[in-house]
Amino acid sequence: MKQDLITALEQLGPERTWRPVTTSDGTLLNNGQGDGLDGIPEDSPIHFTGKTVIDLGCNIGAFTFLAAQRGAAMAAGTDIVPEAIAVCNILRQQNNLPNTAFFVSDIVHPEPAGRFDMAMLIDIIGKEFILKELVSPLVRTMAAYARHELVMTFRPVYFLDDAFGDKAHIVANAYPPPFIRDGKFLLHKYVQHLLGPAWHMQTISNEPDMERKYKYLFHALRVG
């Protein structure tokens, strides 16, 4: 199984591996490209026990496995990259987590996969998706999958010139004026707008300043 994992990681490539990967004996095979601050910390108040969870854009399944290890009844991961799903399936066997499942799916144009208690979108919404005007379909897909809870990470505020340079005008013109203010894109307010009154969203990150340049953890509960 170790050689299978090494081969699968080579096929995926280090540039598309976002979280650390280790073998069953603890050997580190890849450090991952993702920011360690972007995720679900050990002391977060998010609980998975007994819930069904879908992790959209799961990459190598790090947060899918985390949900399963923290007691989820079932944790499913989806990604558009088949090589990433191949790594997930090997890690599923290595970690002996039968309460996980993985399948290839485009989260922007997903195929029906049922509904879950919780939907997660971790380390997905960023500059590329903002420029391509894909924030709305991503958020709506996530909400459509979830019965009760949403867990997501994203930068709450983007300084347009700093983040997008000569493409800042594209973002400024692409999103509604209430969310473009003083040279900033207020992404957290735009996401809450997309979710509407059916969802109550709050930040879980222990940081009062919403303008820090990293992705904060947000949790939303369906109202009523």
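Begin by selecting Thr78, which sits in strand E4 (residues 74–79); helices (H or I, at least four residues) and strands (E, at least two) are DSSP runs, numbered from the N terminus. What you have open is a predicted model, in which local features need pLDDT of at least 70 and side-chain atom pairs count only at pLDDT 80 or more, while totals for chains, interfaces and linings use all residues. Residues are numbered from 1 along each chain as its sequence is written, and side-chain values use heavy atoms, with hydrogens and water left out.

Is Thr78 buried or exposed? Thr78 is buried, at a relative accessible area of 0%; buried means under 20% relative accessible area, exposed over 50% and partly exposed in between (1.4 Å probe, protein chains only). Now show what surrounds Thr78: leaving aside residues up to four places away in sequence, Thr78 touches Ile54, Asp55, Leu56, Gly57, Cys58, Ile85, Phe103, Ser105 and Ile107, where contact means heavy atoms within 4.5 Å. Draw a distance from Thr78 to Ile107: the two are 29 residues apart in sequence and 7.8 Å apart in space, C-alpha to C-alpha.

**The whole chain**

Zoom out. The chain holds 8 helices and 12 strands, and its C-alpha trace spans about 55 × 40 × 35 Å along the principal axes. A compact globule of 224 residues would have a radius of gyration near 17 Å, and the 18 Å of this chain agrees; the radius is taken over C-alpha atoms, and the globule rule is 2.2 Å times the number of residues to the power 0.38. Of the 224 residues, 51% count as buried. Among contacts between residues at least 6 apart in sequence, 65% join residues at least 24 apart.

**Helix H1**

Next, select residues 2–12, helix H1, whose buried residues are Leu5, Ala8, Leu9 and Leu12. These four lie on the same side of H1, because they cover an arc of only 100 degrees around the axis, the arc being that of the directions from the helix axis to the C-beta atoms. Turn to the other side of H1 and you will find Glu10 and Gln11 exposed. Among the elements covering the buried residues of H1 are strand E1 (21–22), strand E2 (28–30) and helix H3 (82–94). Gly13 follows H1, with a positive phi near 90 degrees.

**The largest pocket**

Select Trp18, Gly57, Asp123, Ile124 and Phe129: of the 36 residues lining the largest pocket, these lie nearest its centre. On a 1 Å grid over the protein atoms alone, a pocket is an open set of points where a 1.4 Å probe fits, with protein on both sides within 12 Å along at least five of seven lines, and lining residues have an atom within 4 Å of a point. Helix H2 (62–69) and helix H4 (127–131) each supply at least two lining residues, and H4 gives the most, with 3 residues.

Move on to helix H5 (residues 135–145): 8 of its 11 residues are buried, so H5 is largely enclosed by the rest of the structure. Glu133 counts as partly exposed, at 45% relative accessibility.

Finish at Asp182, in the loop between strand E9 (180–181) and strand E10 (184–186). Its phi is also positive, near 50 degrees, and Asp182 is exposed, with a relative accessible area of 76%.
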